[in-house]
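This report describes selected features of one protein model.

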Amino acid sequence: ATLQQRLVAYAASLRETTDASEHAFAKAMKITLTPFEPGRAGGKAENQPMIDGYALHASYAGQAGGMKVPYHGVSIFRPGEKPLTDDPHAPCFWTSAAAGEALAATGYTRGGERAFQRGRLQQYRRTSSDGGTVFSADLLTYIAGGAAADTCVYEVRFAGDVP
């Protein structure tokens, strides 16, 4: 629940392009990012242990492809287990319905949904306070729970581009 709250609070904090800095992201997630390589912008925090056997991986990429805010985010996994997207009986860390409601409460609007890797990607968007950037908070999801299936979040990915 703490990580979920941090992710939603971080999404809510994105009002201006500068709010999505590497430092702000690391501080909000309470992690230390290790540079990908010396002299290169961005970094990662790998295999950060959480409760109930989960771990997280966070990354913040440098500017690329003309984006105003680079891709960055947090993914959840179970170390030593098969990927959540490959396990029909995987536990559910966070339902996409709850995550979507939390993002909507901070001003994000639900966009499209499409297949992505071995799951789905649900798009959420919000325009910056100056109108110059559209922030995205995309939910990468998987189906969990067997017969009583839920759509669950395994990654939240942030970015921003021109409207």
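In this predicted model, Arg120 and Glu113 form a salt bridge in which the closest N and O atoms are 3.1 Å apart. Glu113 also meets the side chain of Arg110 in a salt bridge, with an N to O distance of 2.5 Å. In general, side chains of opposite charge can pair when their charged atoms come close.

The structure holds 7 salt bridges, and another of them joins Arg125 to Asp138, with the closest N and O atoms 2.7 Å apart. Because Arg125 lies in strand 6 and Asp138 in strand 7, this pair ties together parts that are 13 residues apart in sequence. Arg125 is partly exposed, with a relative accessible area of 27%, whereas Asp138 counts as buried at 8% relative accessibility. The salt bridges described here are listed below.

| Salt bridge | N to O distance |
|---|---|
| Arg110 and Glu113 | 2.5 Å |
| Arg120 and Glu113 | 3.1 Å |
| Arg125 and Asp138 | 2.7 Å |

The model contains an open sheet of 8 strands in the order 1-2-3-4-8-7-6-5, with antiparallel pairing. Strand 1 (34-35) and strand 5 (109-116) stand at the edges with a single partner strand each, so one side of each has no neighbour in the sheet. Strand 5 runs antiparallel to strand 6, and 6 bridges join the two. Within this pairing, Ala115 stands opposite Arg120 of strand 6. The hairpin of strand 5 and strand 6 has 2 residues between the strands, and Gln117 takes a positive phi near 50° there.

On to the following pair: strand 6 (residues 119-127) and strand 7 (residues 134-144) are likewise joined by 6 bridges and run antiparallel. Arg126 has Phe135 of strand 7 as its bridge partner.

The loop between strand 6 and strand 7 includes Thr133. Is Thr133 buried or exposed? Thr133 is buried, because its relative accessible area is 0%, and the cut-off for a buried residue is under 20%. The side chain of Thr133 makes a polar contact of 2.9 Å with the side chain of Thr17. Leaving aside neighbours within four places in sequence, the residues in contact with Thr133 include Lys68, Val69, Arg126, Gly160, Asp161 and Pro163.

Helix 2 (residues 22-29) has Phe25, Ala26 and Met29 as its buried residues. Viewed down the axis of helix 2, these buried residues fall within an arc of 95°, so they line one face of the helix. An α-helix has 3.6 residues a turn, so residues three or four places apart point the same way. The buried residues of helix 2 pack against helix 1 (2-13), strand 3 (55-61) and strand 4 (69-77). On the face turned away from this buried side, helix 2 carries the exposed residues His23 and Lys27. Just after helix 2, Lys30 takes a positive phi of about 60°.

Technical notes:
Residues are numbered from 1 along each chain as its sequence is written. This is a predicted model: local features need pLDDT of at least 70, side-chain atom pairs count only at pLDDT 80 or more; totals for chains, interfaces and linings use all residues. Side-chain values use heavy atoms; hydrogens and water are left out. Two strands pair if DSSP finds at least two bridges between them. Helices (H or I, at least four residues) and strands (E, at least two) are DSSP runs, numbered from the N terminus. Buried means under 20% relative accessible area, exposed over 50%, partly exposed in between (1.4 Å probe, protein chains only). A polar contact is a pair of N or O atoms within 3.5 Å; within protein, one must be able to donate a hydrogen and the other to accept it, and residues adjacent in sequence count only if both atoms are side-chain atoms. Contact means heavy atoms within 4.5 Å. The arc is that of the directions from the helix axis to the C-beta atoms. A salt bridge is a side-chain nitrogen of Lys or Arg within 4 Å of a carboxyl oxygen of Asp or Glu.
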